[in-house]
Amino acid sequence: MSPALRRWLPFLAWPRPTRATLAADLRAGLAVGLVLIPQALAYATLAGMPAQTGLYAALLPAVVGCLWGSSPLLAAGPVALTSLLSFGALQPFAAPGSSGWVAAAVWLALYAGLMQCALGALRLGVIANLVSGPTLAGFIHAAALIIIATQLPALLGLPPWGASLSGWPAQVAARLQQAPGAVAVSAAFGLGALLLLLWLRRHRPHWPGVLLVCGLGIVLSHFSAYAGHGGAVIGSVPEALPQLSLPPALDFGTHRALLAPALVVALVSFTEAMSSARTLARRRGERWNENQELIGQGLAKIASAASGAFPVSGSFSRSALNEYAGARTAWSTLFAAACVFAFLLAGTAVLAPLPQAVLAAVVIVPVTGLLNVAGLRRIGRLARDDGLVALITFAATLFAVPQLHWGVLAGLIAGLAASMLRRSQPRIVELGVLPDGRLRARERYGLPRPAPDLIVLRPDTALVYASAAAVERAVLDHVDAGVQRVLLVGTAINDLDVTGLDTLRELRRTLAARGTTLYLCRMKLPVWRLLERAGVPAEFGESRCFRTERQAIAALTGENPAPAAADRPHP
C-alpha cells in the first residue's frame, strides 16, 4: 500500500482480524458501549445539550475517529472537559438546550474539527504542545471544581445556578418550601448514587460502576414513582438515528465569536486525546502518529457536527476500560458504536425514568479523580515559574466562568511568557582546561584560564531571538580589561536564527572595537551550515573558526594538540 493511500485511508492498513481477536474485541466493545450510553447522556447535559445528542456524539464520531486515527484503542466521543468548554463557549449565544444553542454547538464542533484537520494535514501536530503541562494542570483543576459546582444543584434536586448568584439562595428557599419531598428524594438518589460510585471505584474498580448505578437508578425510579414525587428524570429520548445534515445558518458575528473558543477546544481536546494515545502506545509497545490522530479527532468532530451534536474528544477512562476489557484492535470501537446504534433504534425508552440526580453523580465521580493538589504543589516546588503558570491558569479559568476558553488562553500566554523569560536568562559558562585537554567549567573544577588574555565561554542555550541579546550581554560582561581574545564554544548552541546570526556579527564588531578578537569553535552542523550560507567564516576569518576545542586551545595557546577521537568535523 502506498504511503499516500495509508495516510488518507489508514484503516486499510489494519491487520486482518482473526476469530480470537474479534471475540476479544466484541467483549471489550460491549463493555465500553454499555458504559458509554449513560456517560454520553451525562456529558450532553453537562454541555447544555438535549440528552439524545450525547448518543449521537457517541455513534458516528466514534467510528470516524477510529477509522482515521492512529491509536487503535483510543475511544472518541463525549468527554467532561470538552463538554464543559463547549458549555462555557456557547453561553453568550443562546439559552442551554434551545435551538440556537444546538446550532452554535454544531458550528463549534465543525470549526474545532476543521482546525484539527488542517493542523494534521500540514503536519503541525507539535503545535498541541503549546498547551504546556502546568497550563493543562491549572485548567483541569479549575474545570473539575466548576464541573462539580454545576452538577451539585441537580445532584441535590435544587434549582440550577442562575446568572446572578445573589438570587440563588431565594430560589433554593422557595424550592424547599414548595416541594420539600421532591428535594429530599432527589438528594437521596443523587447522594446514594454518588456514594455507591465512590465505593465501587475504591473496592470494585473493575466493575462497570456507571452501568450498575444507572441501571439501579432506573429500576428504583420506576418502582418508587420518582417522577411522580417531583424528581427530575431524563424523560423521553427519541428512538431514532441522527439525521445527517448541513449546519444551520448563523449570523456573521456569531461565526466570528466562535473562532477563538473553537481554537481552544481544538487544542485542549487534542492535548487530552494525545495524553491518552501516548499512554496506550507505551503500555502496548505500539507507535502512533500525532498528525494522523489530529486528522482522526478532527474528522470525529466534523462527524459530530453533521450529526447535530457537540464537540467530542478522546476519552481516557473509556480507552483504559477498552484496554482492560481485553480489546486487541480498533474493531472494539466499532462494536461499541454498534451497541449505541442498537440502543438508539430500540432501547431509549428504558432511559426515561433515569433520575437527573444519578446522571449528576455519574459526571461528578470521574471528575474528582482529576483533582490532585499534591501534583500542583509538586509543579510549584520543582519549578517556581511553572507553578505560577498553573496558578494563573487556575485563577483565570475560575474568573472567566462561564467562558472558560479565556482561562486557557491566559495560561497559554503565561506559559509562553515563562518560556521566553527562561530563554532570556541563559546560562553562560566560563571554561578552563583539564590536564587531559578537556574543557570544563572553571568555577566548578577550580581551573585557570587557558591563557591570561584568553577567555573561553560556552552559552548553554540556542542563539535565537529570545536569547540572543542576553547572550551578547553576558559575553560582554565576562570580558574584562585584560582579555584580548574570546573563544565561543558552540557545543550547546543547538539552534540559530537570523536574529542570533546578526547578534553574533554585532558581537564580533563590538569586541573588535574594544581590541578583542572573537573566535568560534565546535559549532553543530546545522548551525555551521547557516553560518557558511551567511558568509560568517569569511567575515570572521578562516583562522578564527575551529572544528574542535583541542584545535582551538592549541592554536590560541601555542601548544601542539594531542590527537583525539573528538577531533572531527562539526558534529
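**Contacts, sheet and helix packing, term by term**

Q: What share of the chain's contacts with a separation of 6 or more comes from residues 24 or more positions apart?
A: That share is 80%. A contact here means heavy atoms within 4.5 Å of each other.

Q: What kind of model is this, and which residues count?
A: It is a predicted model, in which local features need pLDDT of at least 70 and side-chain atom pairs count only at pLDDT 80 or more, while totals for chains, interfaces and linings use all residues. Numbering starts from 1 along each chain as its sequence is written, and side-chain values use heavy atoms, leaving out hydrogens and water.

Q: How many helices and strands does the chain have, and what makes a run count as one?
A: The chain comes to 24 helices and eight strands. Both are DSSP runs numbered from the N terminus: a helix is H or I with at least four residues, and a strand is E with at least two. The C-alpha atoms fill a box of roughly 100 × 60 × 50 Å along the principal axes.

Q: Why is Thr333 called buried?
A: Buried means under 20% relative accessible area, exposed means over 50%, and partly exposed lies in between, with a 1.4 Å probe and protein chains only. Thr333 has a relative accessible area of 6%, so it counts as buried. This residue sits in helix H14 and touches Ala62, Cys66, Pro72, Leu74 and Asn322, leaving aside residues up to four places away in sequence. Across the chain, buried residues make up 50% of the 571 residues.

Q: Into which classes do Arg16 and Lys524 fall, and why?
A: Arg16 reaches 77% relative accessibility and therefore counts as exposed; its place is the loop between helix H1 (3–8) and helix H2 (19–46). Lys524 has 28%, so it is partly exposed, and it lies in the loop between E7 and helix H22 (525–533).

Q: How do you know whether H4 and H14 are roughly parallel or roughly antiparallel?
A: Compare the angle with the cut-offs: under 35 degrees is roughly parallel, over 145 roughly antiparallel, 65 to 115 roughly perpendicular, and the rest oblique. Helix H4 (residues 60–68) and helix H14 (residues 331–346) pack at about 170 degrees with their axes 9 Å apart, so they are roughly antiparallel. Axes are lines fitted to C-alpha atoms, for helices over the stretch in contact, and angles run from 0 to 180 degrees between N-to-C directions.

Q: What makes up the contact of H4 with H14?
A: Ala62, Val63 and Cys66 in H4 meet Thr333, Leu334 and Ala337 in H14. These residues divide into five nonpolar, one polar and no charged. Nonpolar covers Ala, Val, Leu, Ile, Met, Phe, Trp, Tyr, Cys and Pro; charged covers Asp, Glu, Lys and Arg; the others, Gly among them, are polar.

Q: Why are H20 and H21 described as they are?
A: The axes of helix H20 (residues 468–478) and H21 come within 9 Å and cross at roughly 20 degrees, so the two helices are roughly parallel. Their crossing is right-handed, a term used if the near helix is turned clockwise from the far one by less than a right angle, with left-handed for anticlockwise.

Q: Which residues of H20 and H21 meet?
A: Ala468, Glu472, Val475 and Leu476 in H20 meet Thr499, Gly500, Thr503, Glu506, Leu507, Thr510 and Leu511 in H21. The contact divides into five nonpolar, four polar and two charged residues.

Q: What makes E4 and E8 the edges of the sheet?
A: Six strands form an open, mixed sheet in the order E4-E3-E5-E6-E7-E8. Strand E4 (439–441) and strand E8 (545–546) each have a single partner strand, so one side of each lacks a neighbour in the sheet. Two strands pair if DSSP finds at least two bridges between them.

Q: How do you know that E5 pairs with E3 and with E6?
A: Strand E3 (residues 428–433) is joined to E5 by four bridges, in the antiparallel sense, and Ile428 stands opposite Pro459 in E5. Strand E5 (residues 454–459) and strand E6 (residues 485–489) pair in the parallel sense over four bridges; Val456 stands opposite Leu487 in E6.

Q: Why is E5 called largely enclosed?
A: Five of its six residues are buried, so E5 is largely enclosed by the rest of the structure.
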